[in-house]
Amino acid sequence: MTRHRPDTGEAGSRAATVAGLPARRAHPRGVRRRTGPAYPYALYLPAAVVYTVIFLIPTVMAFYFALTRWTLFDSEFVGLDNFRDFLAEQNLSIGFRNTVVYAVVTSGLKVVIGLGLGVLLTSKLRLRAFLRSVVFFPVLVSTVAVGITFSVLLKPDTGLVDKVLALVGISGPDWLGDASTALLSVALVDVWKGVGLATVIYIAGILSIPQDYYQAVAVDGGGAWHRFRHVTLPLSWPATYSVIILSFIGGLRSFDLIWTMTRGGPGFTSDVIASIIYKQYQAGFFGLSTAGNVLLFVVVTAIVIPLNWFLGRRQVAP
Amino acid sequence: MGGLRRASAEAAAFVVAAVVFLVPFSFMLLTAVKDDKQAADLDFSWPTSWPVVENLVEVISARDYVLLRAYVNSTILTVASVALIVVFAAMAGYVLQRRAGRIGALANFLVLSGLIIPPAVVPTIWLLQALGLFKTLPGLILVEVAFGLSYAVLLFRAFVAAIPRDLDEAAMLDGCGGFTLFFRVIFPLLKPVTITVILTQSVAIFNDFVNPLYFLPGDENATVQVTLYNFQSQYSTQWNLLFMDIVLITIPPLLAFVFFNRKIVAGMTAGAVKG
């Protein structure tokens with residue numbers, strides 16, 4: 001973590017001699033003896049104001065408005081009714097399960113595929129520079145554009161994906177129109193779009209592994225699998241940690257891809273918490289929508305903080 | 001024999017990557033330059049005619065030139081938000097790294113919360129309305145700044161840690177204090193990470209769909225991502241125009257990618273792996 005040193009005037013003059021810098025142009029006021037802090041808290045101010053007003057206040061207010069029937073102008077306190085409604089309706093509770101499934105599937109696949117691509121693209125492959133670019137580019141393209149394109153490619157029968165499958169004799173499902181595949185299809189597209197970032201994180205992680213370890217394995221006569229299993233896999237743990245946390249938080253909050261591709265459908269089978277929040281907002285149920293937000297907040301916190309703690313603890317172990 | 005096996009493995013990797021990652025983009029391009037009849041087939045075929053200019057003109061002039069207005073809006077939004085994020089986050093990240101203590105601990109906690117907590121959308125709308133900023137570009141800029149700060153502060157904080165304190169102290173001896181020290185000495189040194197923040201945040205804000213959808217509804221204030229969404233319902237049968245729109249709004253990220261590929265990647269990993 002960060003190093004802390006007392007920032008006192010003494011430290012200042014000491015450091016100046018240590019660094020061998022002559023104390024030139026001695027100020028008439030003398031060497032500043034810490035009249036004011038060198039790191040004024042005022043530098044926090046602009047960030048703090050914007051963050052407090054636009055982010056913190058609404059977040060705190062959400063806990064109140066979630067307990068009201070609310071029209072933006074008037075709010076009537078209704079207690080926990082919104083939460084009861086949110087949880088009682090079956091459509092809405094599907095959203096919870098979907099959110100967790102979506103986050104688990106996307107982050108799991110990004111770890112596995114990202115690690116595989118990371119190993120491949122740090123090997124002596126001749127085309128690796130080109131392949132790195134190709135894999136990373138979708139990260140920069142807008143999610144909505146990706147969503148629209150894949151909705152077309154995944155159309156039943158006429159879509160490119162099903163046509164290719166038909167060539168090898170498989171009749172593909174109606175990826176987005178079938179209740180049992182819709183959520184997973186969107187999750188796969190999410191992986192397609194986001195795996196480039198995971199790959200890049202793994203590439204950085206793998207490249208930072210000292211070569212000595214690989215040489216040691218070579219001396220012991222270990223093969224490629226040994227190298228992967230006993231060096232690459234354990235030592236790229238910080239990368240795995242980053243990929244899991246980043247994509248898990250992203251997955252729990254995901255909205256735009258699902259909204260573009262299925263609108264939560266068919267029925268409510270691919271709804272996630274974020275899409276339900278938007279639907280309730282569109283329908284004018286602001287209190288209910290905010291209750292959904294508070295629940296999302298609770299779910300994200302309840303999953304991410306223990307996960308972070310658990311993964312962080314593993315990171316310390318050798 | 002090993003060489004042959006390697007060559008065929010490489011060829012296989014190349015083909016798979018090309019199919020999986022390039023085919024969707026070639027599909028976008030091909031559909032964008034077809035006539036509306038052929039585009040409606042939504043298949044992966046070579047265009048029989050090439051109405052590129054016609055499609056382009058039609059997309060740009062659609063809905064009273066909403067796309068041009070959207071480009072202007074998105075540009076203002078991106079430039080203003082990113083400029084504010086860079087300055088605010090650099091200042092905050094600097095103090096956060098240099099000065100521990102109770103306020104620093106609180107700031108640290110808030111930065112991490114910003115990464116984890118999903119923004120409370122409707123109360124934010126309520127607040128912007130109270131401030132008279134709902135459905136305005138400045139309102140959306142503030143939203144993007146508030147939501148983008150955490151990530152940028154973390155990047156800046158990590159980078160400041162690599163700048164020796166001796167430098168601050170030497171500058172202090174020269175009579176620099178507080179703001180002068182930061183803006184004259186530290187900020188110029190932050191250039192590499194500043195470039196990273198500019199690139200990642202520009203791409204994220206330019207591509208943002210959710211926040212404009214909530215905080216800036218309406219054609220007058222459309223951003224490019226939202227036009228895409230509007231086009232989809234209006235031209236549900238004119239796929240060539242929809243995909244021409246997709247191609248047009250993918251050009252800025254594509255340019256960023258071509259020019260800054262290495263830097264974007266380096267910056268993203270620097271920010272992500274550090275933890």
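**Packing around B:Tyr94 and the fold of chain B**

In the predicted model, B:Tyr94 touches residues of both chains: from chain A the partners are A:Ala38, A:Tyr39 and A:Leu43, and from chain B they are B:Val160, B:Asp168, B:Leu181, B:Phe182 and B:Ile186, with residues up to four places away in sequence left out of the list. B:Tyr94 is also among the residues with the most contacts inside the largest nonpolar core, a set of 167 residues in which B:Leu190, B:Phe209, B:Tyr214 and B:Phe243 are likewise named for their contacts. Helix α3 of chain B, which spans residues 52-98, contributes the largest share of this core, namely 16 residues.

The secondary structure of chain B consists of twelve helices and zero strands. With a radius of gyration of 23 Å, well over the 19 Å given by the globule rule for 275 residues, chain B is therefore more spread out than a compact globule. Its C-alpha atoms fill a box of roughly 75 × 70 × 30 Å along the principal axes. Of the 275 residues of chain B, 54% count as buried, and among contacts in chain B with a separation of 6 or more, 72% are accounted for by residues 24 or more positions apart. The accessible surface of chain B amounts to about 11500 Å², and carbon and sulfur atoms make up 70% of that area.

For chain A, an unreviewed UniProt entry lists residues 96-307 as "domain: ABC transmembrane type-1".

Definitions and conventions: Residues are numbered from 1 along each chain as its sequence is written. Chains are lettered from A and ligands numbered from 1 in the order in which they are written. This is a predicted model: local features need pLDDT of at least 70, side-chain atom pairs count only at pLDDT 80 or more; totals for chains, interfaces and linings use all residues. Side-chain values use heavy atoms; hydrogens and water are left out. UniProt positions are given in the numbering used here, feature names are shortened, and annotations may be inferred rather than shown by experiment. A nonpolar core is a set of buried Ala, Val, Leu, Ile, Met, Phe, Trp, Tyr and Cys residues joined through side-chain atoms within 4.5 Å. Buried means under 20% relative accessible area, exposed over 50%, partly exposed in between (1.4 Å probe, protein chains only). Helices (H or I, at least four residues) and strands (E, at least two) are DSSP runs, numbered from the N terminus. Contact means heavy atoms within 4.5 Å. The radius of gyration is taken over C-alpha atoms; the globule rule is 2.2 Å times the number of residues to the power 0.38. Accessible areas come from the Shrake-Rupley method with a 1.4 Å probe; for residues, only the protein chains shown count as cover.
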